[in-house]
Structure formats: C-alpha cells, structure tokens
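My notes follow in the order I took them.

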Amino acid sequence: MGQNSHINYFDNPAQYIKTVKKEWENFISTGSISGLSVRNEILKSWEQSLKNGISYLQDGAKLVLDEKGMSKVYAKNSMLISASQPILVEFADMLIKRGTGGSIINLCDGDTVILKTLSSNSFAKEAAESQHLLPGAILSEQYSGTTGVAMVRNTLQPYAIYGSEHFSIAAKTWCCAAAPIRNIGTRELMGILSLTGENLNVSPDTMGMITFVARTIESEMYSEYVYRSNFLNERFKETILRSKADLILAVDCDLSVISSSKNQHPILFDFYNRRDLRQDIKNLTEKAIEQYLECSHPDQKAETVTFSTFDYTLSFAPVFYQNGLAGVLLYVYPVQHIRYKSPDKHSALPTIVNAPVLVGDHPAFLSALETAKSAAKTDASIILLGETGVGKEGFARTIYVYSNRADKPFVAVNCGAIPKELIGSELFGYAPGAFTGALSKGNPGKIEAANGGTIFLDELGELPLDAQTYLLRALEEKELVRLGSHHIIPIDVRIIAATNMDLQEMVKEKKFRADLYYRLNVVEIKIPPLRERFDDLANLISFFNTHYSGSGCVLNDADLAYLTQYSWPGNVRELKNVIHSANILGKDTVESLRDYVSIHMNQEDKDKKLFNNKKIGDQDRILELIKSCNGNISKAAKQLGVARSTIYRNLK
C-alpha cells in the first residue's frame with residue numbers, strides 16, 4: 001500500500017500532476033502500488049480498475065445503457081431528476097457568470113449512471129461528447145476506471161480528482177469535483193453531482209460550491225418526498241374504506257411504512273426485521289415500474305403483484321405521482337388455519353384445513369381466482385373445470401377459506417377413486433349391520449360428515465348414474481338416509497365439484513344427469529392449463545423451490561424459453577413434483593428442470609410418432625373411443641395400446 005506521507009495538490013499543483021503522472025506510469029508497468037506517494041484511495045482505485053480489466057487506453061466513459069435501459073433508470077430516479085432540474089439550470093447560469101462556462105455538470109444516480117449533462121456552450125458540449133459524458137454512460141471503476149464520480153461512490157464523501165489521478169490517459173487533462181446526494185432520512189446514496197472540465201481549477205471554493213448545490217438538491221428531494229408521501233397517504237385512506245385485507249400498509253420508496261391500518265400485526269415485525277422480505281418488495285417495486293413503463297396508454301397503471309410468505313399472501317399496488325413512483329400499498333391476507341373438532345369419533349374428517357397459496361398473475365388465472373373469491377361468500381354450488389394438475393383442489397380450498405363456512409368442516413372426496421359398489425356407503429353412510437363387514441355402530445358418509453360445511457367432489461364425471469340420483473335427491477330435499485336405515489338426517493352442505501371431463505357432452509349422451517348438472521353448475525370456473533399461462537412459470541418455480549428448500553432460484557431468459565418448449569401435460573402438479581424431487585435429491589432446481597424437459601420433450605416426439613403410426617383409426621374414431629369410456633383417458637389409452645400421457649399430449 002502507499003506510504004503514510006502523501007504529496008499535496010495545493011502545495012504545488014504543477015509538481016503534483018507531474019509526480020502523479022510518473023507514479024501512474026510506474027504502476028502501469030509493474031501493477032504494484034507499493035511505495036507510491038499518491039493518495040491511498042486513488043492508488044486502491046487504480047488497482048481495482050486494473051483488476052476490472054479497464055484499459056488505460058480507453059478513450060472515455062463507457063456508454064452502456066440503451067434507450068430502454070435508460071427509461072427504467074429515469075423512472076427509478078424520477079424524484080432526483082425532478083428535484084434537481086431547476087437547481088442545475090441555475091447552477092449552470094452561475095458558472096457562466098463566474099467565467100467557468102466551459103465546465104460540464106453531470107448528474108448521476110447512486111450507481112454512477114449519468115442521468116443528465118449540462119454544458120453551457122458548444123465547446124463544452126463537444127468536449128463532453130469526446131469523453132462520452134452523456135446519459136447512459138457509467139462512471140464507476142467497473143466501466144470507466146478511476147473517476148471523480150467513482151471516488152464519491154467509494155468514499156461517500158465530496159471528492160476532487162486532479163488530471164493524472166484518472167486511470168485512463170484520455171481523461172488525464174480533466175479535473176473533477178464531485179459530491180454525494182443523499183437521502184436526508186436514511187442517508188442512502190441517491191445520486192452524485194459532478195463538475196468537470198479540461199484544466200478546470202478545482203479549488204476549495206469549487207468543492208464548497210459543488211457540495212452546497214448537492215445539499216440544496218437533497219433539501220428539494222425531501223420536499224418532493226413529502227408531496228409524494230402525502231399523495232400516497234391519501235390513496236391509503238381511500239383504500240382502507242373499501243378493502244377487506246387483514247392489514248394494509250402504505251410503504252414509501254425508501255421502504256418505510258408511513259401508514260398502517262393496524263398498530264400491531266405479525267407482518268409488521270417481519271417487515272422491520274426481515275431483510276429478505278424488504279428485498280422482495282424492492283424487487284417487485286422495480287417490476288411494477290417496468291410494467292408501468294410498458295403501458296401503451298398513459299392512464300394505465302402497473303398491475304397488482306401478488307407473492308407469498310409461509311403465513312401470508314401479500315399483494316401490492318404501486319401508486320404513481322405525476323411521472324414518478326410515490327410508493328406502494330401493501331395488502332396482507334393471512335393463510336388461514338381452520339381448526340374444528342370432529343363431531344364423531346368415526347368421522348374421517350381432517351382437523352386442519354390450510355388455504356393454499358395460488359401463485360400467478362396471468363389475466364386468465366387472476367380472472368378465475370377473482371370469480372372464485374366472489375362466489376365464495378355465497379352458498380351457490382360451483383363447478384371447477386380444468387385439466388389434471390391445474391390446481392382444482394387448491395381453488396376449492398380457497399373458496400372454502402373465503403366462505404362463511406370456513407369454521408365448519410371441509411371434506412374432499414375423489415369420486416374416481418372409490419369403487420362403484422362402495423360409492424353409496426362412502427357418500428351417504430350406512431346403518432349398523434347394513435352389509436357384511438359393516439361397522440357394528442354404522443358409519444356416517446362424507447356428506448353427513450360435511451354437514452354445515454363444504455364438500456368437494458373431485459372427478460365428478462366418474463360418479464355412477466345411480467349415485468347421481470341419490471345425490472340429487474339429497475341436495476333437493478336437504479336430507480339423506482344412510483344405507484340400511486330409515487332415519488332421515490337433515491343436511492346443509494355447500495358443494496364444490498371439479499372435473500376434467502365435458503359434462504355437457506356427457507349429459508347429451510345420457511351419461512350424466514342433466515338435472516344434477518344444472519343443480520350443481522350455478523357458478524362455473526375454468527382454470528387455465530400451465531401451457532396457456534407460461535408468464536407465471538418463473539414465479540411458480542421460485543415459489544415451489546422456496547417452499548421445499550427455503551431458498552429461491554434464478555432463471556435466465558434462456559432457461560425460461562427452453563422450459564416453455566414442453567407442453568407440461570401434468571400442469572402445475574407436474575412442475576411442482578419435478579422441483580420437489582430436485583430438492584429431495586439435493587440437485588440444482590434449474591438443471592433438473594432442463595434435464596426433465598429434455599427427456600420428456602423427446603418422449604413427446606416419440607409418442608406422437610407412435611400415436612400416428614399405430615393403426616388405431618382417425619381422429620374422430622379416437623374421440624369416439626374416449627367418449628365411450630366416459631372420458632376416462634386411462635381406459636381409452638389401454639384400448640389404444642398407448643400411454644395415457646400420449647393421449648393428453650395429442651388431444652390439444
């Protein structure tokens with residue numbers, strides 16, 4: 001490292017520049033800073049610039065960000081730009097009056113990206129362009145080597161850099177005075193203001209001036225912050241009057257809570273003490289800004305984004321003030337844990353029902369979810385339609401948790417998993433001695449067990465016709481009789497049914513009772529397959545990986561593009577299983593997904609060839625066979641001599 005005794009610019013500027021030039025040449029030839037008398041922080045910056053691969057022959061700052069990239073940077077720094085604009089214009093006028101009109105003013109963000117450049121005359125403008133001092137250039141050590149702006153970023157203090165102290169040869173005739181612009185409340189670095197020029201006289205007065213202007217911008221930014229916070233708070237007051245969220249927070253751009261609908265709540269503790277949660281919100285805020293920028297109409301705002309912790313579902317909506325982000329409104333919904341006692345020791349009721357976390361922001365998915373939550377508050381029967389694995393049971397449990405019956409039983413029945421001869425006793429129960437092997441005290445059926453609550457009939461299309469008749473009678477009369485008994489039991493149940501079959505077609509073919517279909521189909525909700533909402537793929541992968549391992553994973557665009565080449569016939573369940581398997585086996589999630597897709601895409605191609613080559617008739621014949629099997633793909637696959645997945649893949 002450098003010695004403790006260092007030469008001083010103000011003692012003899014000409015001698016200082018000459019000495020620095022000689023020591024820089026020494027450093028470039030040896031790569032060592034040992035024994036050099038230049039300021040320690042400059043020496044360290046030279047060393048870091050060399051490590052970063054910066055060439056001392058570089059002809060100016062690197063123009064890195066394109067127009068799209070700069071749009072995001074401008075949006076992120078809208079408050080800084082808005083607050084500084086009038087001050088910088090006045091500063092430039094003052095420089096002209098003082099006879100330093102050839103200087104260049106650069107406003108950078110906290111990451112050293114140039115946001116704005118002011119040059120008072122054509123000479124200064126040409127000089128700035130020769131050094132690439134233009135919006136989009138990055139003045140950090142990583143891109144431009146040792147610069148005045150980079151030194152402020154390193155030291156977080158006002159800093160002057162003189163000629164030869166620059167790392168690149170092209171900048172060695174330039175001098176720079178720079179000062180940090182910080183958040184008055186958090187002291188976070190928000191931007192950097194610099195005054196630079198060829199042979200600029202950087203005196204203590206110059207440093208005082210640039211620092212004063214930076215402090216003035218800080219004060220103006222605080223005033224702008226107050227305006228935006230007041231606007232955010234007004235939106236918060238409007239929202240709490242109509243939202244049913246468990247907790248609503250108004251969070252400003254510094255991730256500080258400025259208003260809360262409750263003074264005490266577990267998520268408040270998490271927000272203040274969990275850095276990862278705040279980072280999630282910061283990342284999603286940036287996503288909201290990107291969405292806002294991509295809006296084709298100025299009156300459109302970014303969509304609400306939803307994500308989850310283990311105990312809460314959080315949604316946040318960005319609030320924009322003029323052309324900038326004022327903050328976000330954060331809505332907190334608990335993942336409810338409903339507990340109740342079994343009414344009967346013979347009952348097979350579960351004791352805890354958890355509201356699932358349904359991940360996705362694709363419009364079709366959100367529409368289905370919104371319909372489900374709206375219908376939940378009623379007692380109307382609901383039919384959920386969708387392919388295997390799309391999450392029909394998750395929707396059913398969500399409807400239950402949001403319903404007025406959430407403190408009563410929830411019973412799930414897979415109609416396709418119960419043997420035909422047992423379906424009656426399973427659904428309606430039986431009296432003592434009703435049949436050989438019956439329990440001596442009898443047993444309540446699933447419908448009776450769900451009395452007062454909700455019963456979920458999965459794979460409804462598999463229900464035999466005679467069981468359909470009994471079910472219809474029970475629903476219409478609101479009473480049932482156990483098998484082998486004459487005792488009438490009053491019932492009050494809400495039915496949610498689900499199927500991947502075409503019930504309307506089954507009704508036409510008299511394989512499903514029309515009266516039962518119309519009795520159940522009060523609200524119909526279609527859940528889209530995964531292949532129709534690939535926009536949600538990244539969020540789903542991140543969520544499941546976090547759920548199983550406690551840590552997230554990052555996919556690049558190439559990974560996502562590759563994974564979407566596969567049709568995912570098993571939908572969300574298939575994706576979830578692959579991620580679960582990877583975590584159990586300790587494998588990298590993204591690599592496992594790519595390997596899985598590679599294998600199954602090849603299998604898809606083979607299945608298609610096999611399917612096409614088999615002498616199994618034309619497409620109409622195949623569809624007729626599936627219909628004859630009551631929509632049971634497994635039966636149809638056996639008769640065709642192909643795998644069930646083969647039919648699923650080719651049906652589309």
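Strand 5 and strand 6 (residues 174–182) pair in the antiparallel sense, over 4 bridges. I looked up a partner next: Tyr162 is bridged to Cys175 in strand 6. I keep in mind that this is a predicted model.

In what order do the strands of the open sheet run? I read 3-2-7-6-5, five strands being a count the sheet itself gives as 5, with antiparallel pairing. Strand 3 (114–119) and strand 5 (159–162) are the edge strands, and each pairs on one side only.

Strand 2 and strand 3 pair over 5 bridges, in the antiparallel sense. Here Ile104 stands opposite Ser119 of strand 3. I looked at the connection too. Strand 2 and strand 3 form a hairpin, with 4 residues between them. Thr112 sits in the turn and has a positive phi of about 70°.

Which helices lie on these strands? I found helix 7 (residues 148–155) across strand 2, strand 5, strand 6 and strand 7. Helix 7 runs at about 35° to strand 6.

I moved on to helix pairs. Helix 1 (residues 13–30) and helix 2 (residues 40–51) cross at roughly 35°, and their axes come within 12 Å. I recorded this crossing as right-handed. Helix 1 brings Val20, Glu23, Trp24 and Phe27 to the contact, and helix 2 brings Trp46, Glu47 and Leu50. I sorted these residues: 5 nonpolar, no polar and 2 charged.

My last entry is helix 11 (residues 363–376) with helix 12 (residues 392–401). They pack at an angle of about 35°, with axes 8 Å apart. Is the crossing of helix 11 and helix 12 left-handed or right-handed? I have it as right-handed. Helix 11 contributes Phe365, Ala368, Leu369, Ala372, Lys373 and Ala376, and helix 12 contributes Phe395, Thr398 and Ile399. This contact divides into 7 nonpolar residues, 1 polar and 1 charged.

Terms used:
Residues are numbered from 1 along each chain as its sequence is written. This is a predicted model: local features need pLDDT of at least 70, side-chain atom pairs count only at pLDDT 80 or more; totals for chains, interfaces and linings use all residues. Side-chain values use heavy atoms; hydrogens and water are left out. Axes are lines fitted to C-alpha atoms, for helices over the stretch in contact, and angles run from 0 to 180 degrees between N-to-C directions. Helices (H or I, at least four residues) and strands (E, at least two) are DSSP runs, numbered from the N terminus. A crossing is left-handed if the near helix is turned anticlockwise from the far one by less than a right angle, and right-handed if clockwise. Contact means heavy atoms within 4.5 Å. Ala, Val, Leu, Ile, Met, Phe, Trp, Tyr, Cys and Pro count as nonpolar, Asp, Glu, Lys and Arg as charged, and the others, Gly among them, as polar. Two strands pair if DSSP finds at least two bridges between them.
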